[in-house]
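Hello,

Here is the structure I promised to pass on. Please open it first, then read my notes below.

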Amino acid sequence: MRRWRTTSPAQAAGSEGRAAASGPWTPRIAVQLAVLAAAAFIYVTAELLPVGALPAIARDLHVSVPMVGTLLAWYALVAALTTIPLVRWTAHWPRRRALLLSLACLTASQLISALAPNFVVLAGGRALSAITHGLLLSVIAPLATRLVPASHSGRATTMIYVGISLAVVVGSPATAAMSLVWGWRLAVAAVTAVAAAVTLAAWAVLPVLALTDNQLTFVGSRAGHHRNRRLVIVSLLTMVAVTGHYISYTFIAVISRDVVGVRGPDIAWLLATYGVAGLLAMPLVARPLDHRPRAAVISCMAALWVTFLVLTALACHRLPAAATALIGVGAIALWGATANAVSPMLQAAAMRAGADDPDGASGLYMAAFQIGIMAGSFAGGLFYEHGVLVMLAASAVLIGAAAAGMTAERQLFDVPTTGQP
């Protein structure tokens with residue numbers, strides 16, 4: 001298995017080669033990983049901004065709330081369609097250039113959105129960031145792993161996902177509050193300013209990370225990821241799991257009300273519990289992700305499956321209100337912890353499966369992930385018409401199927417021995 005080196009053998013003494021060799025968490029590397037986490041944070045915050053600003057956008061642009069809600073579905077569709085072609089098109093670029101392109105598109109898209117005179121322009125502005133959404137999430141984790149020794153790649157990937165979790169826990173509620181108090185345009189303008197600052201920081205602190213001649217022979221169309229059985233299986237099982245998750249996650253507020261019995265403003269606290277549990281789970285899985293990835297993934301998937309079984313049982317059998325709330329809140333917290341923890345594990349598995357071109361492998365994984373979001377959101381709406389119980393049961397079946405597939409494929413999460421030819 002070829003290692004994804006930052007430098008050619010003749011340049012091993014160069015500054016970029018020394019960065020990883022000098023230690024896993026030097027101050028400079030910590031700053032670089034923090035900038036990458038900030039990039040993931042602001043990108044996902046921008047993606048989710050319409051969720052908290054739906055009514056404000058609808059009133060200002062004179063469209064219906066459901067119409068504004070389609071911004072999320074179309075965003076996922078555009079990202080799913082453009083991820084693999086764009087990752088291939090930029091495969092020969094230095095990695096920092098691909099990252100800066102994504103961040104520049106995000107900044108421009110948010111500026112267009114903040115000034116949008118109508119819904120069409122707003123949708124077009126968001127489409128610009130959706131085009132490079134998959135590119136950013138495809139290159140950012142491989143970029144992080146190249147900054148640290150191979151033994152710490154799982155922890156570096158997890159740090160990126162901390163930024164994504166913070167977007168759910170902090171970024172989305174903050175933009176929602178700004179939209180309610182000062183208007184949605186000011187919230188988008190704030191995201192624009194932060195995106196511009198992160199772009200400059202990435203340009204200033206990240207190494208160029210140009211690919212060597214050896215690496216260039218294994219990227220783009222020559223990588224043959226579609227023929228990589230292990231990578232394809234990881235991506236397909238991820239798509240099944242994400243579809244199952246989003247069938248119910250799209251309507252988590254309804255589940256909180258109708259199944260757990262939490263209503264009114266308390267739903268916001270329950271959603272915060274979901275997000276905080278996910279954030280706290282990240283550092284707990286970082287080390288097992290490097291040393292026991294198969295056990296860590298299967299444990300998280302099994303716990304996620306149990307979560308949906310518990311919520312399905314609560315929807316079937318009404319317990320006393322206090323017992324329902326106690327069990328339900330615990331299930332929602334476990335849901336948040338396991339769903340957020342398993343994402344970096346699966347992306348790390350995809351990058352290991354396509355180790356010669358981790359960016360391209362990550363791109364295939366992200367495309368499958370986006371398809372899962374889109375399929376889950378649409379399927380959730382269809383199942384919801386038949387009741388919350390059907391929706392939760394469908395999630396349990398798909399999560400269970402994905403967990404069974406991951407368990408059956410015994411070599412799916414193997415960590416390759418470094419230094420092999």
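How many cavities of 30 Å³ or more does the structure hold? There are two. Keep in mind that this is a predicted model.

**The largest cavity**

Its volume is about 70 Å³. To find the largest cavity on your screen, look for its lining: Ala 46, Leu 49, Pro 50, Ile 57, Leu 71, Gln 110, Ser 113, Leu 122, Arg 126, Trp 184 and Val 188. By residue class, that lining splits into eight nonpolar, two polar and one charged.

Which helices each supply at least two residues of this lining? They are H2 (27–61), H4 (95–114), H5 (119–145) and H7 (184–205). H2 provides the largest share, with four residues.

**The surface**

Leu 180, Val 181, Trp 182 and Leu 186 make a nonpolar surface patch of about 490 Å². Helix H6 (residues 153–182) gives the most to this patch, namely three residues. Leu 186 sits in helix H7. That helix also supplies at least two residues of the lining of the largest cavity.

Why does Leu 186 count as partly exposed? Its relative accessible area is 41%. Partly exposed covers the range between buried, under 20%, and exposed, over 50%.

Best wishes

Technical notes: Residues numbered from 1 in each chain as written. Predicted model: local features only at pLDDT ≥ 70, side-chain atom pairs only at ≥ 80, totals over all residues. Heavy atoms only, no water. 1 Å grid on protein atoms, 1.4 Å probe; cavity = no way out; pocket = protein on both sides within 12 Å on 5 of 7 lines; lining within 4 Å. Points joined across faces, edges and corners; volume = space filled by probe spheres on them. Nonpolar A, V, L, I, M, F, W, Y, C, P; charged D, E, K, R; others polar. Patch = residues over 30% accessible without salt bridge, like charges linked within 9 Å, V, L, I, M, F, W, Y side chains within 5 Å. Areas by Shrake-Rupley, 256 points an atom, 1.4 Å probe, with all protein chains shown as cover. Salt bridge = Lys/Arg side-chain N within 4 Å of Asp/Glu carboxyl O. Buried < 20%, exposed > 50% of the residue type's maximum accessible area, 1.4 Å probe, protein only.
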